[in-house]
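Dear colleague,

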Amino acid sequence: MHFPLPPHHISHVIIACLLLGLGNFVKAKDVANQTNTLNDFFGPTCQSPYPYETLPLYPEDIELLQFALNIEHNEADFFLWGALGYGLDVVAPELVQGGPPPIGVKKANLDPLVESIIKEFGYEEVGHLRAIKSTVGSLPRPFMNLSAENFATFVDQAFGYKLEPIFDPYRDSLSFVLASYFVPYMGLTGYVGANPLLKGYVAKRLTASLLGVEAGQDAVIRMYLYEHASEIVHPYTFTVAEFTDKISKLRNELGKCGIKDEGIIVPTFLGAEGKTTTNVLSSNKDELAYSRTPAEILRVLYDTGNEHVPGGFYPLGANGKIAREYLGQHV
C-alpha cells in the first residue's frame, strides 16, 4: 500500500537526491569546498571551482610574482609622477616598504587627453602592487633611475649615436608616450612567460588578471603611437614609427633571445599572417603574445645585456630572490 510522505520528508528526499546526483561528477569530500550551503546549488555561481589536489600558492609562484613587483613599481612611479607630479610616496606610501624614491622623475608636460590616460594607468599600477603584495608578500621598492638622462641613454644606444638635444620623456605628450613604450611591454611579456611556470590557482588567477590590464595598457600606448606613426618626433628628424622600430630592435638585441619585440610598422613578413605592415599589436607568427624570462627582462631593463650586471632603470639591481641570485646575493 502506498503512503504519501509528509511535506517536510519530501523536501529531505529531494535534497538527498540532488546530493546523490551531484556525487556522480563531484567528489563528496569536495562538496563543502565547492559550495558552503545548499543554497549554492540553487542560486547563480560567480566563481570558478578550485582545481583538485593543488595549493593556492607554491614557493616558485611567490618568487615569480615578487619579481614582477620591480616592473610594477617602475610603471607606478613613472605614470603617477608624469600625470600628477608626485608618486607612490604620496598616493600609497604603505606600498613603498622603505624603498628609496626614484631619481630624475618629474611631472610631464601632457595634454589633457594623455594626462587622463596616464593618470588612470598610474592608479591601475597602484592596484597591481597592492594585489601582488597582499598575495605573495611585500618587497621594498627598488632603487630606480627614471631620469631623462637614463631614457636618453637607451635612445642613443638604439639609434647608434648621441642625439642632440638629449631625448626628454617629460618634454611633451608624444615624448612621454614614446617613453611609456620602454617598460610596460616588458611586464606584459614577463607575465606571459611566467604563466606556464605557475602552479597554484591563486597565482594563476592573479597573473591572468594582471596580464589582462597590462595588455590593455600596451594596446592603448601602441594605438596612440600608431595614430602618430608618420609624425616627426621634435626636435629630431625621425618619425614615431622609426623610433618604435629602433627601440624594439634594441630590446631584442639586449634580450639575446631572438625577436620578442616589434615596432608599430613592420615588414610584411612580420605582420599579421604575413599580410600587413601595420602592427598595432605585437605578436609572433601564430599571432600569440611574445614571452620573456626574468633573465631576458633584466638584460633589457639593466641596459647591459647581462642579468648579472645592473644598470639602466635599476642601478643597484632589481629586488627579490630571482634578481638577487643573478647578482650573487642570496635572500
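In which kind of crossing, left-handed or right-handed, does helix 9 pass helix 10? Before the answer, please note that this is a predicted model, in which local features need pLDDT of at least 70 and side-chain atom pairs count only at pLDDT 80 or more, while totals for chains, interfaces and linings use all residues. Residues are numbered from 1 along each chain as its sequence is written, and side-chain values use heavy atoms, with hydrogens and water left out.

Helix 9 passes helix 10 in a left-handed crossing, a term used if the near helix is turned anticlockwise from the far one by less than a right angle, right-handed being clockwise. Helices here are DSSP runs (H or I, at least four residues), numbered from the N terminus. Helix 9 (residues 184–194) and helix 10 (residues 201–227) pack at an angle of about 145 degrees, with their axes 9 Å apart; axes are lines fitted to C-alpha atoms over the stretch in contact, and angles run from 0 to 180 degrees between N-to-C directions.

Helix 4 (residues 59–84) and helix 8 (residues 173–180) pack at about 175 degrees, with their axes 12 Å apart, which makes helix 4 roughly antiparallel to helix 8 (the word is used for angles over 145 degrees). Phe78, Phe79 and Gly82 in helix 4 meet Phe176, Ala179 and Ser180 in helix 8.

Helix 8 is mostly covered, since eight of its eight residues are buried (under 20% relative accessible area, with a 1.4 Å probe and protein chains only). What covers these buried residues includes helix 4, helix 9, helix 10 and helix 11 (240–255).

Helix 4 is also the place of histidine 73, which is buried, with a relative accessible area of 0%. Leaving aside neighbours within four places in sequence, histidine 73 is in contact with residues including Leu88, Lys133 and Arg141.

With best wishes

Key. Helices (H or I, at least four residues) and strands (E, at least two) are DSSP runs, numbered from the N terminus. Angles under 35 degrees count as roughly parallel, over 145 as roughly antiparallel, 65 to 115 as roughly perpendicular and the rest as oblique. Contact means heavy atoms within 4.5 Å. Buried means under 20% relative accessible area, exposed over 50%, partly exposed in between (1.4 Å probe, protein chains only).
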